[in-house]
Amino acid sequence: MNKLLLSLALGGLSAASFSHAAPVTITYWQYDYASKVTAINELIKKFEATNPDITVKQENFPYDAYSQKVASSVPAGQGPDVVNLYYGWLPQYVDAGYLQPLPTKEFPTVLTDSNYAPMVKTAKMNGKYYALPTAVRTLAIFYNKDLFKAAGIKAPPKTWEELIADAGKIVQGTPPRYTTLGFGIQPDGQDYHVLREVLVRQFGGQPYSKDGKTVTYNSDAGTKAMTFYTDLMTKYKLGVPNFFPGNNSYRDAFIAGKVGMIVDGSFAINTIKSGAKFDWGVAPLPVLTANSKEKDNFGSYWVNGITKNAKGDKLAASIKFLKFLTSADTQRYWLQNVGEIPASRKLAADPALRKDPVFGPFVSSLPYASSTIFVDEAGQRKAWVDAINTVLLQGNAPANAVKAAATNEQKILDDYYKK
């Protein structure tokens, strides 16, 4: 890994210099994800060492309560100066006036467009960037090499049919009393992204209109995608949701060695690396057929923005901290310690990174990864997860489930764009 990191090309944004009349303290918020919290703590030490007049205080909150905590604190003049947000939340925070647009003098729009991965443009609203990421992430298959070997499987699946066959050789027990899952089914994990952005496209459809304002997955392709995904449980009996307790049931079960394969993001690399006591690997998401040219993935990212609370010296310090968080050095550090792909096009294009057995599958999918233009990420996610669960848990027909998801999500889009 050190050789890989040393080989990454230099580049990215350099830190701006600001003078302060007196020492200043700024507050940084992010949700409580162990590897990210630890990484930020270390980065703060580095930042403060070269900026002795600035103190950065990090505060963390459980994921489920995080967005609401930010939404209730910032308007009251409390909370963070710099905040970490999921890109899908940005429309609501920008519309509510919680975030300041990034000053173009320090973050030139043209340079940002050219320096960052294409998906980052979904963070630009009304021609302005209000936040920027340190890293981006895509999805891939994590697989248990020990379970593969025990089942006589020589290589990870390249097609969905191969995934079904391989998972069928691994699964042990009968529903609902499984002892080992072939595939870690979890609709509210990363699976609903796979269904919406990958399977719908692979079956010949499009999830949304080009401008993101209209749902277009209520189609034959959408029904085929929903049917294929829910069949993993209902027809092929490869697994069951919530096999382990907790918010990350599928990942925790994989780390415990009880699942042959899961779909997860590059952000999970270090968590799996530190927890798994078996040999594991990463493979690109499968395609429909061996000769298929339709490759798709879902790209997402968390961004750092400056809230309206930051003024005067706090604003100057916040800008300096944000430039540090998006610098090339920080992006390399984030890759090594969190596992997310550098947001810089130049860093992500490094040949050594593309050839890396763990990072390579994620990086190689960047050119064909789509980032959904969310307007209410939580509400849109709920529309999908609820629809999937009606098939898995209530026996609803896939076509009816897709229609319900489309109706509920279109209402969210219409309500937003009418304002």
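Two strands are taken to pair if DSSP finds at least two bridges between them; helices (H or I, at least four residues) and strands (E, at least two) are DSSP runs, numbered from the N terminus. The model is predicted: local features need pLDDT of at least 70, side-chain atom pairs count only at pLDDT 80 or more, and totals for chains, interfaces and linings use all residues. Residues are numbered from 1 along each chain as its sequence is written, and side-chain values use heavy atoms, leaving out hydrogens and water.

Five strands form an open sheet with mixed pairing, in the order E9-E10-E11-E8-E12. At its edges lie strand E9 (172–174) and strand E12 (280–283), each of which pairs on one side only. Within the sheet, strand E10 (residues 177–183) and strand E11 (residues 259–265) run in the parallel sense and share two bridges. Phe-183 has Met-261 of E11 as its bridge partner.

The domain assignment, automatic or from a database, divides the protein chain into domain 1 (24–137 + 300–370) and domain 2 (138–298 + 373–418). Their centres, taken over C-alpha atoms, are 27 Å apart. The contact (heavy atoms within 4.5 Å) takes 33 residues from domain 1 and 32 residues from domain 2.

The size of an interface is often given as the accessible area lost when the parts come together. Here the two domains bury about 2500 Å² between them, 55% of it on carbon and sulfur atoms; the area is computed with a 1.4 Å probe and summed over both parts. In domain 1, Phe-362, Tyr-368 and Ser-370 lose the most area to domain 2, together 25% of what that side buries.
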